[in-house]
Amino acid sequence: MLLGCIADDFTGATDLANNLVRAGMRTVQTIGVPDASLAIDADAVVVALKSRTIAPADAVAQSLAALAWLRAAGCRQFYFKYCSTFDSTELGNIGPVTDALMDALGCDFTIACPAFPAAGRTIFRGHLFVGDLLLSDSGMRDHPLTPMTDANLVRVLQRQSAKKVGLLRYDTLAQGVEASQAAIATLRADGVGVAIVDATSDADLMTMGEAFADLPLVTAGSGVAIGLPQNFRRAGLLPAEPVAPALPKIAGPAVVLSGSCSQATLAQVAAWRASRPACQVDAMRVARGEPVAAEAAAFAREAQARGETALVYASASPDEVRAVQQQLGRDEAGAMIERTLAEVARAMRAAGTRRFVVAGGETSGAVVQALDVRALRIGPQIDPGVPWTETVEREPVALALKSGNFGAVDFFAKSLALLDA
Ligand SMILES: Nc1ncnc2c1ncn2[C@@H]1O[C@H](COP(=O)(O)OP(=O)(O)OP(=O)(O)O)[C@@H](O)[C@H]1O
Ligand SMILES: O=C(O)[C@@H](O)C(=O)CO
């Protein structure tokens, strides 16, 4: 095992695994820290945690447990994966987890780079852009759990980290690998522990991959994973040509579940609802103890009986989310909806559903845990950042775990059509 990765949410983990697979690393994603009974033969392992929005001390403890497992498995380099929109709460968890991983590995320097140009996330002079907008002007300012109101990543990370945070700028990176490594030496000499790295293109990510070959730990979105595998290939540790992953050969009924309120998801939900069965989960009815999950599962089963696939969604506009949160509390509302969608997933699985498309990282975490999934094999990409995956259980299930802001507007239909092809 070469690369050991820790992801702070489940869709983020598949996003990273997808980029590693496309760059030629045989990759397995585990759900939580694997137990001894799980046999893994892979070049890279991504341990998926649901640690993005939990208390910093819990996120640190879970990340350190994952690190200990990956070190024991012999990994040579470590990767902490967070969101390409740097999603964090006021307290963390990107900073506290980075600090703890650095201390555990005894390293005095790492980088932080959420850039993923293929999905429109670029960094310039330390400022994160989502498409043409600064992070703080993008839909992320209204995120239900991690509203991002500051695009200056040096400032955001410095608020969360005990290390000195610096910047490795685009004009240094443009000078190539040696110049970037020299800049790292200077930053280190200046006492910088973590450097935000600018990146506006895949070419920048390839330069980074080579420049960061000797860092014990990198912290990043999934983009940096485009360049890192080349180091292992150059060292003769990977085959010269990547092996194309196969689609899960899983037939049977499907369901789409969405708890994401991100702008891309809202458009995908609207596109699906225009011509296909859809059932909305009403948070206030759930709060009143009404049997919302059972009703939604019945709706989805009836659709399956007609040969159709239903969408069950809680996704709602920022105003609707705010109204629910004011009545129920932010974390309580989120957790309650996650539990409801997880219950729908469990009921659908029990009724024979074998193909699940899930939108939202926290939502995917809740669903995958409800389905008792232990690990996922990574299949081909549906849209940038989202592959089909297949569980390693005896009766496998196909899962497409979509990050909130990823995917074309027809993502739900397109992902199911791929399996039917
Ligand atoms: N109608 C709603 N009112 C309040 N909260 C909601 C509503 N619908 C969903 N939520 C909550 O919003 C959160 C959305 O987070 P989730 O990570 O699933 O999606 P996302 O942030 O769009 O995806 P990603 O993290 O992959 O970018 C979840 O906790 C979900 O339960
Ligand atoms: O990096 C991203 O944007 C995604 O993989 C993600 O983590 C969303 O939850």
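Me: Two strands pair if DSSP finds at least two bridges between them. In which sense do strand E4 (residues 77-81) and E11 pair, parallel or antiparallel?

Reply: This is a predicted model, in which local features need pLDDT of at least 70, side-chain atom pairs count only at pLDDT 80 or more, and totals for chains, interfaces and linings use all residues. Residues are numbered from 1 along each chain as its sequence is written, while chains are lettered from A and ligands numbered from 1 in the order in which they are written. Strands (E, at least two residues) and helices (H or I, at least four) are DSSP runs, numbered from the N terminus. E4 and E11 are joined by four bridges, and their sense is parallel.

Me: Which residue of E11 is the bridge partner of Tyr79?

Reply: E11 also runs parallel to strand E5 (residues 110-113), with two bridges, and there Ala112 stands opposite Thr219. For Tyr79, the partner in E11 is Val218.

Me: Are the residues of strand E11 (residues 217-220) buried or exposed?

Reply: A residue is buried if 20 or more other C-beta atoms, placed from the backbone, lie within 10 Å of its own, exposed if 12 or fewer, and partly exposed in between. Leu217 and Thr219 point one way, Val218 and Ala220 the other way. On both sides, these residues are buried.

Me: Which helix gives the most to the shell around ligand 2?

Reply: A residue is near a molecule if its C-beta atom, placed from the backbone, lies within 6 Å of it. Among the 14 residues around ligand 2, those that come nearest include Gly12 and Asp15. The helix with the greatest share, three residues, is H1 (residues 10-22).
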